[in-house]
Amino acid sequence: MTSEPIFDLLVIGAGPGGYVCAIRAAQLGLKVGIIEKNKRLGGTCLNVGCIPSKALLHSTEVYHQIKTDAQTHGIECEQVSLDLTNMMNRKDKVVSQLGKGVQSLVSKKGVKIFQGTAELLGNRKVQVSNGSEKFELEGKEIVLATGSKPIELPTLPFDGKMIISSDQAIALDKVPKRLVVVGAGAIGLELGCVWSRLGSEVTILEFLPEICPQLDPEISKTTRKIFEKQGINFQLSTQVETAKVNKKEVTLTISQNKQNSKISTDCVLVAVGREPFSKGLGIEKLNLAKDEKGRVRVNQDFSTNLEGIRAIGDLIHGPMLAHKAEEDGVACAEI
C-alpha cells in the first residue's frame, strides 16, 4: 500500500482525453494523478492508431510516388526496392519520440503518473495493480478515460496473424500478397492504402452500399473512384458469412445481393469500428450506468450516476476521435 495523499483528481487512462484532462486540471491548480496500464502514455492514438498509421501513410506515399511518378518529373530511379523493416523502424521511432514528448509534458505540469491497471473500489478509491504490486489511491474526483478497442466480429475472431485488427495491421513483418479489409471506414481505407502501395492485392468489403457512409454521398462515391484508380478493389453491400482458416490462407464466404461466393486471402483486416473499453474497471460491481452500445452514460458535465465519477472520450457518446476526447478532457477539467 502507498501512502499517497488524496488527489483532487484521478484520471484513469492516458490517451488524448486522459492526459489532456490531467494537464488542464493541473494548470488550474488541482493535485492530479493519472493511471495508465501501458509503459508509454498516449493511448490508442499515439501507440497503435492515428500516429503510426499516418507515419506509414507518409512513408508508403513516398515509396509509391518514386515508383510511379518519378519519371514524369525527369527523375530516373533504378532498382527501387522496399525495406519494410526500416519503414517499420521509422514508424516506431516517430511513436517513441512523440511518446517521450507526452511523458515530459505531463510530468512537467506536476501530474503524478502511476503505471498499472485500475479498478474502482467505491468511495472514490482506486486499486492499481502492476504485476505483483497492488496499492490504493483516492481522489476527490475520478475521470474515466479508458478509450476504445477494435470491434471483433463473431464470424472473424482475431488470431493476431491471419485475422487481425488495426493494432496488428500497422506492424506486419511482411507484405501480404492478398489482403481483404472488412469495413470501408477511415481505418480500413487508410491501412488498405498502406498495404496496396507496398504491393498487396487489396479488396475492401463493405456491408453498406457505399464507403464512408458518414460523408456526403457524392464525396463518398468520388473518393471510392480515386481509390479504385490506385488499384484497390471494392465489394459493396457485402457481408461476411463464414471464415475458414488454414495454415496458408483464409477463405471467406461472402453474401452480396443474396448471392453467396467465396474469396481467399492471405490476411483479413477487420476494421468495422471500435467499441468502448472498460474491462477490468470494476464498473459492473458498482452498477455504473451504460447505454445499449456499452457507452458510459453521462450528463452535460460528464458526471455518471455514481457520485464523484465522470467519463470522457470514447467511453461516452459521440464520435470516437482523438480531438473530440481532448475537448472532452479540457471541458471536464474546467467543470
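## Overall size and fold

In this predicted model, the protein has a radius of gyration of 22 Å. A compact globule of 335 residues would have a value near 20 Å, so the two figures agree. Taken along the principal axes, the C-alpha atoms fill a box of roughly 65 × 50 × 40 Å.

The secondary structure consists of 8 helices and 17 strands. Among contacts between residues at least 6 apart in sequence, 60% join residues at least 24 apart.

## Surface and charge

Of the 335 residues, 45% count as buried. The accessible surface of the protein comes to about 17,600 Å², and carbon and sulfur atoms account for 50% of that surface.

The protein carries 42 positive and 39 negative side chains. The centres of these two sets lie 3 Å apart.

The model contains 16 salt bridges. One of them joins Asp8 and Lys140, whose closest N and O atoms are 3.3 Å apart. Asp8 belongs to strand 1 (residues 7-12) and Lys140 to strand 6 (residues 133-144), so this pair ties together parts that are 132 residues apart in sequence. Asp8 is partly exposed, with a relative accessible area of 22%, and Lys140 is also partly exposed, at 49% relative accessibility.

Another salt bridge is formed by Glu275 and Lys149, with 3.9 Å between the closest N and O atoms. This pair links distant parts of the chain, 126 residues apart: Glu275 is in strand 16 (residues 274-276) and Lys149 in strand 7 (residues 148-150). Glu275 counts as partly exposed at 29% relative accessibility, as does Lys149 at 32%.

## A strand-to-loop pair and a network

The side chains of Arg178 and Glu249 also meet in a salt bridge, at 3.1 Å from N to O. Here a strand is paired with a loop: Arg178 lies in strand 9 (residues 178-182), whereas Glu249 lies in the loop between strand 12 (238-245) and strand 13 (250-256). The pair therefore ties together parts of the chain that are 71 residues apart in sequence. Arg178 has a relative accessibility of 23% and counts as partly exposed; Glu249, at 23%, is likewise partly exposed.

Salt bridges can also involve three residues, as in the network that links Glu141, Asp301 and Arg310.

Definitions and conventions:
Residues are numbered from 1 along each chain as its sequence is written. This is a predicted model: local features need pLDDT of at least 70, side-chain atom pairs count only at pLDDT 80 or more; totals for chains, interfaces and linings use all residues. Side-chain values use heavy atoms; hydrogens and water are left out. A salt bridge is a side-chain nitrogen of Lys or Arg within 4 Å of a carboxyl oxygen of Asp or Glu. Helices (H or I, at least four residues) and strands (E, at least two) are DSSP runs, numbered from the N terminus. Buried means under 20% relative accessible area, exposed over 50%, partly exposed in between (1.4 Å probe, protein chains only). The radius of gyration is taken over C-alpha atoms; the globule rule is 2.2 Å times the number of residues to the power 0.38. Contact means heavy atoms within 4.5 Å. Accessible areas come from the Shrake-Rupley method with a 1.4 Å probe; for residues, only the protein chains shown count as cover. Lys and Arg count as positive and Asp and Glu as negative; His and the chain ends are not counted. The place of a charge is taken as NZ of Lys, CZ of Arg, CG of Asp or CD of Glu.
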